[in-house]
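Hi,

Here is the structure I said I would pass on. Have a look at it first, and then read my notes below.

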Amino acid sequence: MAKFYESLTEPLQAFIAKQHLFFTGTAPRDGRVNVSPKGMDTFRCLSAREVAYLDLTGSGNETSAHIEENGRLTLMFCSFVGKPMILRMYGRGRIIRSHEADWEAYSTHFELLPGARQIVTLAIDSVQTSCGYGVPLYDYAGDRSELVNWAEKKGDLGLEEYQKKKNRVSIDGLPTGLHVER
């Protein structure tokens, strides 16, 4: 039932555009595997071989630490309505921060939500689809507003302090590259 592709076909990109939720998967060489849910209209297909998402400030920054260490990244979408399907993209991740040269070119693809801390890109090595028969049906009720409200309340200086305190190293002590002294 599983099928592999070298890149995202137009039907696969259309499938992604309809989803409201995706998951990131990363792991360091030694330490905890991380799986994170993402949403809020932060994902973009840039081409058949490159995708990106706007990463918002959160309680940790595991994805960044793991990508900095070894580059591996898996992204997964699954259908909760309509025809069942799971889509995974495997490849090399890259972190783009607001002070870096590529920020302007990549950030134009997104509405820069309060709390935006970096853009994560994936250079796709392969794409896999599978049946998704075991994924339950759910109705989308909307995005939560708490994260954006929290970031707005913190303000730029509050977010910077929070990121320095909570987002500089992973739970396994790996550097995330965020707020590195320049």
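Four elements each give at least two residues to the lining of the largest pocket: β3 (34-38), β5 (50-56), α2 (62-70) and β8 (116-130). Before I go on, please keep in mind that this is a predicted model. The largest pocket holds about 970 Å³ of space, and 36 residues line it. Nearest its centre are Leu21, Pro37, Lys38, Gly39 and Met40.

For background, most residues other than glycine have a negative phi. Met40 is in the loop between β3 and β4 (43-45), and Asp41 is in the loop between β3 and β4 as well. Are they buried or exposed? Met40 is buried, because its relative accessible area of 19% falls under the 20% cut-off. Asp41 has 60% relative accessibility, so it counts as exposed.

Now to α2, which supplies part of the pocket lining. Of its 9 residues, 7 are buried, so α2 is largely enclosed by the rest of the structure. The buried ones are Glu62, Thr63, Ser64, Ala65, His66, Ile67 and Asn70. What do they pack against? The list is β2 (22-26), β3, β5, β6 (72-78), β7 (86-96) and β8. Just after the helix, Gly71 takes a positive phi of about 80 degrees.

Ser170 sits in the segment after α4 (146-166), and at 5% relative accessibility it is buried. Setting aside neighbours within four places in sequence, Ser170 is in contact with Glu62, Ala65 and Thr176. Glu62 and Ala65 are among the buried residues of α2.

Next, the charged pairs. The model has 9 salt bridges in total, and here are some of them.

- Glu69 and Arg29: their side chains meet in a salt bridge at 3.1 Å, N to O. This pair links distant parts of the chain, with Glu69 in helix α2 and Arg29 in the loop between β2 and β3, 40 residues apart. Glu69 is partly exposed at 22% relative accessible area, while Arg29 is exposed at 58%.
- Arg97 and Glu68: the distance here is 3.2 Å, N to O. Again distant parts of the chain are linked, since Arg97 is in the loop between β7 and α3 (103-107) and Glu68 is in helix α2, 29 residues apart. Arg97 is buried, with a relative accessible area of 6%, whereas Glu68 is partly exposed at 42%.
- Arg97 and Glu100: Arg97 also forms a salt bridge with Glu100, at 3.7 Å, N to O. Glu100 is partly exposed, with 28% relative accessibility.
- Lys38, Asp55 and Arg117: these three are linked in a network of salt bridges.

Last, the cysteines. How many disulfides does the structure hold? The count is 0. Take Cys45: its sulfur is 15 Å from the closest cysteine sulfur, that of Cys78, which is too far for a bond. Cys131 is in no disulfide either, as the nearest cysteine sulfur, again that of Cys78, is 12 Å away. For scale, a pair of cysteine sulfurs would have to be within 2.5 Å to count as a disulfide. In terms of accessibility, Cys45 is partly exposed at 27%, and Cys131 is partly exposed at 22%.

Cheers

Conventions: Residues are numbered from 1 along each chain as its sequence is written. This is a predicted model: local features need pLDDT of at least 70, side-chain atom pairs count only at pLDDT 80 or more; totals for chains, interfaces and linings use all residues. Side-chain values use heavy atoms; hydrogens and water are left out. Buried means under 20% relative accessible area, exposed over 50%, partly exposed in between (1.4 Å probe, protein chains only). On a 1 Å grid over the protein atoms alone, a cavity is a set of points where a 1.4 Å probe fits but cannot get out, and a pocket is an open set with protein on both sides within 12 Å along at least five of seven lines; lining residues have an atom within 4 Å of a point. Grid points are joined across faces, edges and corners, and a volume is the space filled by probe spheres set on the points. Contact means heavy atoms within 4.5 Å. A salt bridge is a side-chain nitrogen of Lys or Arg within 4 Å of a carboxyl oxygen of Asp or Glu.
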